[in-house]
Amino acid sequence: MVQVVFEKVSKAYGDTVAIPGLDLVIESGEFVSLLGPSGCGKSTTLRMLAGLEQPSSGSIRIGDRDVVNLAPAARDIAMVFQSYALYPHMTVAENICYPLKKRGVAKADRAIKLAEVAALLQLEPLLARKPGQLSGGQQQRVALGRALVREPSVFLLDEPLSNLDASLRAHMRAELIELHRRLGKTMVYVTHDQLEAMTMSSRIAVMRAGELQQFAPPDEIYNRPANVFVAGFIGTPAMALADGSLADGGGHLVVHVGSLAVALPFAANGVRPDAVTVGIRPEDVLVGEGPWQAQVRLVEPTGYETIVALDADGLALTARVPGSNALRVGETVAFDLRRERIHLFDKSDGRRWEPAGR
Amino acid sequence: MKKRPAWIASLVAWPIVLLIAFPLLWMLITSVKPAAELFSTSPTLLPKAITFEHYVRVLTDTPFLQYFANSMILATSTTIVVISISVLGAYSLVRFAYPGRETLASLVLFTYLLPSVVLISPLYLMLVSIGLANTLASLVIAYTTFALPYALWLLRSFMAGIPQDLESAAMVDGASRMGAFVDVVLPQALPGIISTALFTFILAWNEYLYALVLVNSDEARPLTTGVMTMLISAFNIEWSLLMAASVLMSVPLIIIFAFFQRHLTSGFGAGGVKG
Ligand SMILES: Nc1ncnc2c1ncn2[C@@H]1O[C@H](COP(=O)(O)OP(=O)(O)OP(=O)(O)O)[C@@H](O)[C@H]1O
Ligand SMILES: [Mg+2]
């Protein structure tokens with residue numbers, strides 16, 4: 001079993017604190033994505049795990065070894081870099097065999113391993129080429145091959161798909177999922193693309209300014225975001241967030257947001273925060289019928305659905321309407337909300353607040 | 001861009017080449033002219049008769065071969081010393097963070113800005129005091145003092161163009177830092193190293209001033225000063241021999257250039273590392 005554990009790990013570059021203190025436990029065989037905006041410390045976290053950066057304090061364990069003072073070579077990891085970092089002066093075959101060579105694997109065994117990996121990633125016709133003679137997608141596969149060939153206990157991937165075009169990215173995403181399923185190895189995957197994180201991960205670690213915001217499976221991240229940041233960061237189009245308050249409407253919880261008073265199907269018992277941030281996802285805004293009116297501000301047809309920006313008396317909402325809709329800008333429409341799915345966050349600390357009975 | 005016809009380029013290029021090459025051509029021609037023809041009242045461009053007697057005399061009657069060997073040893077050792085120090089130094093300047101790194105780098109450049117004449121006397125006194133005066137080693141040290149800063153700066157920009165991810169990848173793949181340096185950085189920097197080595201070699205091969213001041217025995221004299229002192233006296237300049245010696249002096253450089261030309265031009269073109 002190869003667990004990866006970060007314990008109170010911090011990292012400062014001179015005066016800039018990149019990671020103030022990180023606690024994270026990645027279970028054996030998991031596919032964990034580190035997700036967050038640019039500069040939030042994803043690469044730094046991964047590079048500390050790889051041994052390419054020394055943490056300022058704290059401990060990192062891979063399996064039962066504390067690896068903080070181990071060289072990268074001794075950590076039994078493999079890493080795929082965003083730039084692929086293929087050795088330009090070596091052929092594809094030499095690139096893939098390099099980790100084996102460095103570990104003293106005999107030449108005959110290297111050839112066997114190379115053949116296996118080349119078959120797995122369909123690299124056979126490319127083995128004699130130099131990286132400069134490959135397309136982006138092919139380079140990416142070679143970089144994966146170099147990581148796979150050694151069968152390390154943990155794979156680290158730093159935005160490996162970000163240099164590929166959209167269709168190739170979708171294809172490689174599927175291949176990576178399949179690869180993880182087949183190998184069953186622990187993988188730590190850095191990305192700022194939430195679609196990648198949502199589709200591939202068993203759990204997602206959402207980071208912001210070096211701090212872990214939420215660490216949970218994709219559906220929980222999406223359906224029960226732990227705070228306002230995660231709520232706003234995950235989901236495209238983004239969740240509408242607005243200030244509101246809670247009240248007791250004859251035993252029912254009532255949310256006042258903008259000029260709307262939304263009765264929720266939850267009891268109003270127990271303590272509740274004074275002020276809240278109300279979060280409403282686009283798919284929970286039902287356009288057509290309902291008790292409220294809104295003006296159409298913007299219509300963005302995407303083919304499969306249409307994204308509609310609404311203004312309900314000063315409250316900005318986004319809705320997804322199926323198909324290419326005949327809505328016009330400036331038109332007034334009626335709408336309803338999926339009330340049981342409204343997200344509530346305590347305004348004082350931004351944390352998720354759950355009404356009793358949800 | 002529209003492609004210009006090749007003959008226009010030739011029309012412009014060849015006269016320039018001829019202009020620059022003429023003195024060299026004259027040197028070559030003079031070196032094979034019989035002595036009688038050399039001072040005839042009607043100078044000839046092409047020799048009426050070709051003779052190699054001057055070459056034979058230079059090689060057999062003079063200490064030319066001794067000087068040649070000295071120059072070879074001198075230029076080669078200077079190149080080896082300068083390249084081994086500057087490759088490691090440039091790598092350190094590019095990759096490691098330590099206090100004073102930038103200051104160090106600019107100080108190195110500053111020494112390069114000093115005219116070398118002002119350094120001769122102090123250098124001479126220092127070499128005397130460590131007992132190296134009048135030896136080839138003293139020249140190796142002297143040349144290193146001005147070739148090294150230059151080499152460091154040249155190699156620094158080469159190494160700065162090598163993506164750090166390559167070394168990181170090598171280290172994750174099982175190499176030590178030194179291993180990553182040898183496996184990845186050196187091959188990547190090779191064009192830069194070759195051009196720097198070539199510049200250093202030429203610098204040492206052609207240097208005159210320091211050789212004149214620091215060395216005055218035939219055992220340690222390199223070609224530049226050696227040829228001058230043996231063939232130019234107050235009374236007489238042995239033109240034919242001088243030209244033959246000059247031709248022989250250029251041969252090693254020509255051979256080296258022909259051999260490394262490809263690397264040299266790719267060295268100049270580097271810096272735009274393909275992403
Ligand atoms: N070598 C360094 N020196 C100083 N600061 C650094 C260094 N490397 C990273 N940082 C800082 O640490 C923070 C985290 O950087 P990091 O590279 O981990 O971000 P990231 O989440 O990977 O971002 P991106 O998505 O843009 O790759 C940033 O604020 C960055 O400026
Ligand atoms: Mg990054």
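Where in chain A does A:Pro237 lie? A:Pro237 is found in the loop between helix 8 (228–233) and strand 11 (240–249) of chain A, and a cis peptide bond joins A:Thr236 to A:Pro237, with omega at about -10 degrees. The model described here is predicted.

**Chain B as a whole**

- Chain B contains twelve helices and zero strands.
- Read from the N terminus, the order of elements in chain B is α-α-α-α-α-α-α-α-α-α-α-α.
- Along the principal axes, the C-alpha atoms of chain B fill a box of roughly 75 × 65 × 30 Å.
- Of the 275 residues in chain B, 41% are buried.
- When contacts in chain B between residues at least 6 apart in sequence are considered, 72% of them join residues at least 24 apart.

**Helix packing in chain A**

- Helix 4 (residues 136–148) and helix 5 (residues 166–183) of chain A pack at an angle of about 15 degrees, and their axes are 12 Å apart.
- That angle makes helix 4 of chain A roughly parallel to helix 5 of chain A, because angles under 35 degrees count as roughly parallel.
- The crossing of helix 4 of chain A past helix 5 of chain A is right-handed.
- On the side of helix 4 of chain A, the contact is made by A:Gly137, A:Gln140, A:Arg141, A:Leu144 and A:Leu148.
- On the side of helix 5 of chain A, the contact is made by A:Leu168, A:Met172, A:Glu175, A:Leu176, A:Leu179 and A:Leu183.
- Sorted by class, this contact between helix 4 and helix 5 of chain A has seven nonpolar, two polar and two charged residues.

**Helix packing in chain B**

- Helix 4 (residues 64–95) and helix 7 of chain B pack at an angle of about 40 degrees, with 7 Å between their axes.
- Helix 4 of chain B and helix 7 of chain B cross in a right-handed way.
- By class, the contact of helix 4 of chain B with helix 7 of chain B has 21 nonpolar, six polar and two charged residues.

**Aromatic pairs**

- Over all chains, the count comes to 15 aromatic pairs.
- One of them is the edge-to-face pair of A:Tyr87 and A:Tyr98, at 4.9 Å centre to centre and with 65 degrees between the planes.
- A:Tyr87 lies in the loop between strand 6 (77–80) and helix 2 (92–102) of chain A and A:Tyr98 in helix 2 of chain A, so this pair ties together parts that are eleven residues apart in sequence.
- Both partners are buried: A:Tyr87 has a relative accessible area of 0%, and A:Tyr98 has one of 4%.
- B:Tyr143 and B:Phe146 form a tilted pair, 5.8 Å centre to centre and with 50 degrees between the planes.
- B:Tyr143 and B:Phe146 are three residues apart in helix 7 (residues 136–160) of chain B, and therefore separated by about one helical turn.
- B:Tyr143 and B:Phe146 are both buried.
- B:Phe64, B:Phe68, B:Phe201 and B:Trp205 make up one aromatic cluster.

- B:Asp173 sits in the loop between helix 8 (164–172) and helix 9 (177–206) of chain B.
- With 2% relative accessibility, B:Asp173 counts as buried.
- Leaving aside neighbours within four places in sequence, B:Asp173 is in contact with A:Tyr87, A:Tyr98, A:Pro99, A:Lys102, A:Arg103, A:Arg146 and A:Arg150.
- B:Asp173 and B:Phe158 are 15 residues apart along the chain, and their C-alpha atoms are separated by 24 Å.

**A buried threonine in chain B**

- B:Thr30 is in helix 1 (residues 6–32) of chain B.
- B:Thr30 counts as buried, at 6% relative accessibility.
- Not counting residues up to four places away in sequence, B:Thr30 touches B:Leu38, B:His54, B:Ser240 and B:Met243.

**Positive phi angles**

- A:Lys8 is not a glycine, yet has a positive phi of about 50 degrees.
- A:Lys8 belongs to strand 1 (residues 4–13) of chain A and is exposed, with a relative accessible area of 61%.
- B:Asn134, also not a glycine, has a positive phi of about 65 degrees.
- B:Asn134 lies in the loop between helix 6 (117–129) and helix 7 of chain B, and at 28% relative accessibility B:Asn134 counts as partly exposed.

Terms used:
Residues numbered from 1 in each chain as written. Chains lettered and ligands numbered in written order. Predicted model: local features only at pLDDT ≥ 70, side-chain atom pairs only at ≥ 80, totals over all residues. Heavy atoms only, no water. Axes fitted to C-alpha atoms, helices over the stretch in contact; angles between N-to-C directions. Helix = DSSP H or I, 4+ residues; strand = E, 2+ residues; numbered from the N terminus. Parallel < 35°, antiparallel > 145°, perpendicular 65-115°, else oblique. Left-handed = near helix turned anticlockwise from the far one by under 90°. Contact = heavy atoms within 4.5 Å. Nonpolar A, V, L, I, M, F, W, Y, C, P; charged D, E, K, R; others polar. Phe/Tyr/Trp six-rings, centres within 6.5 Å; stacked < 30°, edge-to-face > 60°. Buried < 20%, exposed > 50% of the residue type's maximum accessible area, 1.4 Å probe, protein only.
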